[in-house]
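Please look through the sequence and the model shown here before reading on. The report then goes through the chains, their helix packing, their aromatic rings and some individual residues.

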Amino acid sequence: MTTANEFHGAAMEQAELALIARLAHDHERADALFLEALRLELGALQALPVSGEIEPTRTILRRSAATLALDCNDPNLAERLVAQGLADGAPPPLDEELRDLMEQVHFRRHLLLRGVSLDDDELQMSLAGQGVGLGVVSSAQFLQRVGDTSKLIYRIAERRRSLPFRETGRRRKAVSEDYELFVSVPRAASFAVTLKIGRPTDQERFPELVDTPEIVDEFMDLMTMVDKADYEGIRDCIPDQAYRTNFLQLAKRLAPDGEDVGLVGFTSVRSGSERFVEVTRPKARVVTTESLPDAEKPERVTVRGTLLFADATRGDAGQIRIVEEGTGTVHQVKVPEGMMADIVKPLWECAVEISGVLEGKLIILDEIDSI
Amino acid sequence: MLDLGSLAEGCPAITAAFGQYLAEAGSVCLESQGHVPGVLLSIRGLAPQDHEVVWPEATEQMRRCLNDPEVATEHGAVGVAVVLAKEVVGYSVIERSRKGTGFDYWLGDNGELPFQNMARLEISGIREGTADQIESRVRQKLRQVAPSDDTGLPAYVVVVEFGRPCAEVRDS
């Protein structure tokens with residue numbers, strides 16, 4: 001193989017096979033194929049003549065190789081390729097595409113640990129976006145996500161201990177103590193912290209207790225599925241409806257808002273290798289309701305007001321009331337199992353916007369957010 | 001007639017394996033909108049005409065594999081556009097490069113170097129959209145590929161909407 005055409009053609013064949021392997025969740029094969037595709041694409045770049053008219057070929061090959069470098073989790077190489085392309089005066093509109101790719105490179109760099117070591121019971125959470133400065137972020141954006149991550153971890157622990165979904169009341173003291181979440185000092189990456197999860201102290205005496213690294217792994221698996229909209233995978237992993245509703249609602253709150261925060265990333269370490277989950281799917285596109293055929297979709301309503309009444313005594317579904325400001329109109333809202341404790345309760349007495357479907361005089365709650 | 005199944009035979013810039021995947025993505029998207037093989041795809045813009053479309057029946061395994069609606073729509077649109085390019089523009093896709101979550105595709109004649117004297121085929125998919133949404137996507141894609149000076153590259157924009165189904169084909 002000697003010409004740029006030959007190298008590039010072979011690289012794309014490997015990349016196509018890699019994409020198919022990745023879609024089939026054969027990640028080991030996908031990684032090997034992407035690595036080979038990258039090697040061949042770099043070969044195509046080297047095979048280009050040193051003089052003469054070689055645009056747009058050079059820029060397209062560089063962009064392709066940089067994308068493959070990201071596929072291979074090598075953001076440093078991707079950064080160099082993009083920077084070379086821009087420095088050499090990439091033709092428009094390819095120059096803009098290189099700049100877009102550089103944004104992705106920066107996102108990926110935020111997920112790198114940069115010398116920080118993580119134990120197997122730790123996660124790094126990184127936030128990036130327009131509202132995130134180097135080491136600085138709005139406390140609301142940060143604290144809410146730490147709180148929601150903590151709730152998610154506890155819920156995974158409770159579910160894996162085969163405990164029924166806890167709609168009301170405090171979590172068991174043992175669960176709270178065993179899997180308590182600790183937060184490190186933040187670091188500039190744009191904004192990253194280490195989340196350390198407690199370990200059960202009686203693991204040796206009670207082997208049925210869920211080991212913390214398993215919880216970290218499941219958290220990473222589930223957030224990957226959220227970003228890929230793999231709702232079937234989530235259903236397989238969380239068959240219990242209440243736990244699943246709870247997970248999807250919390251995951252939606254964790255997801256980027258698409259304005260101030262464009263990326264929420266998580267990093268863990270297993271067998272010496274870093275594992276990343278980049279959640280770029282904005283919360284508006286995280287689906288929290290089970291899908292229905294179009295013909296069966298009921299009428300949706302949206303209401304704004306103050307959450308002033310909550311009744312969690314009804315077992316599998318509580319009720320809340322939303323009072324519209326100005327008119328004083330009261331809307332009765334039924335809260336599906338899985339939402340009351342972690343999603344609705346923290347918004348007590350807050351101005352909220354809710355959406356749901358009408359069932360008689362009741363609104364069946366789908367989503368609730370503070371305004 | 002546009003046969004998505006023909007993608008599985010491969011073409012100059014798409015391997016048979018990937019062509020089959022693109023055909024499956026197209027099948028999943030079309031069937032998700034209640035269409036059956038033989039439905040008419042309305043082409044607008046360049047060479048407006050209705051084309052009958054056929055495809056291999058989508059299996060449950062295909063649907064599970066293509067469970068990310070955005071990825072399925074993106075790749076389903078690529079499958080339709082690649083078959084369409086030959087019919088409407090008169091060129092087969094002969095080159096591609098890695099871009100984003102997939103590839104970008106180029107039309108033209110083979111030269112000594114890849115991508116020389118070629119036109120880009122900018123493809124976008126909408127699973128189910130209104131006429132306004134389709135037009136808005138076409139304008140957005142035309143802006144993206146618009147040459148800002150003499151060095152700009154020629155391009156064709158194909159926006160495939162699976163609900164009607166229809167495809168807008170424009171050149172920049």
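The sections below describe the two chains in turn and then selected local features.

## Basis of the description

This is a predicted model, in which local features need pLDDT of at least 70 and side-chain atom pairs count only at pLDDT 80 or more, while totals for chains, interfaces and linings use all residues. Residues are numbered from 1 along each chain as its sequence is written, chains are lettered from A and ligands numbered from 1 in the order in which they are written, and side-chain values use heavy atoms, with hydrogens and water left out.

## The two chains

Chain A contains 11 helices and 12 strands, where helices (H or I, at least four residues) and strands (E, at least two) are DSSP runs numbered from the N terminus. Of its 371 residues, 51% are buried; buried means under 20% relative accessible area, exposed means over 50%, and partly exposed lies in between, with a 1.4 Å probe and protein chains only. Among the contacts in chain A between residues at least 6 apart in sequence, 62% join residues at least 24 apart, a contact being heavy atoms within 4.5 Å.

Chain B has 4 helices and 8 strands, and their order along the sequence is β-α-β-β-α-α-β-β-β-α-β-β. Buried residues account for 53% of the 172 residues of chain B, and 60% of the chain B contacts with a separation of 6 or more are between residues 24 or more positions apart.

## Helix packing in chain A

Two packed helices are described by the angle between their axes and the distance between the axes. The axes of helix 3 (residues 57-71) and helix 5 (residues 94-111) of chain A come within 11 Å and cross at roughly 15°, the axes being lines fitted to C-alpha atoms, for helices over the stretch in contact, with angles from 0 to 180 degrees between N-to-C directions. Helix 3 of chain A is therefore roughly parallel to helix 5 of chain A, since angles under 35 degrees count as roughly parallel, over 145 as roughly antiparallel, 65 to 115 as roughly perpendicular and the rest as oblique. The crossing of helix 3 of chain A with helix 5 of chain A is left-handed, which is the term used if the near helix is turned anticlockwise from the far one by less than a right angle, clockwise being right-handed. Residues in this contact include Ile60(A), Ala66(A) and Leu70(A) from helix 3 of chain A, and Leu98(A), Leu101(A) and Val105(A) from helix 5 of chain A.

For helix 8 and helix 10 (residues 241-254) of chain A, the axes come within 11 Å and cross at roughly 75°, so helix 8 of chain A is roughly perpendicular to helix 10 of chain A. Helix 8 of chain A contributes Phe219(A), Leu222(A), Met223(A) and Val226(A) to the contact, and helix 10 of chain A contributes Phe247(A), Ala251(A) and Leu254(A).

## Aromatic rings

Over all chains the structure holds 6 aromatic pairs; rings of Phe, Tyr and Trp (its six-membered ring) pair if their centres lie within 6.5 Å, and planes under 30 degrees apart count as stacked, over 60 as edge-to-face and the rest as tilted. Phe219(A) and Phe266(A) form an edge-to-face pair, 4.9 Å centre to centre with 85° between the planes. This pair links distant parts of the chain, with Phe219(A) in helix 8 (residues 212-227) of chain A and Phe266(A) in strand 6 (residues 263-270) of chain A, 47 residues apart. Phe219(A) is buried at 1% relative accessibility, and Phe266(A) is buried at 0%.

In chain B, ring pairs link Phe18(B), Tyr21(B), Phe103(B) and Tyr105(B) into a cluster. The charged end of Arg98(B) sits over the ring of Phe103(B), 5.7 Å from its centre, a description that requires NZ of Lys or CZ of Arg within 6 Å of the ring centre and within 35 degrees of the ring normal.

## Individual residues

Thr15(B), in the loop between strand 1 (2-3) and helix 1 (16-32) of chain B, is buried with a relative accessible area of 17%. Leaving out residues up to four places away in sequence, Thr15(B) touches Glu13(A), Glu16(A), Gly10(B) and Arg96(B). Glu168(B), in strand 8 (residues 166-171) of chain B, is buried at 8% relative accessibility.

A cis peptide bond joins Glu55(A) and Pro56(A), with omega about 10°, and another joins Pro92(A) and Pro93(A), with omega about 0°.
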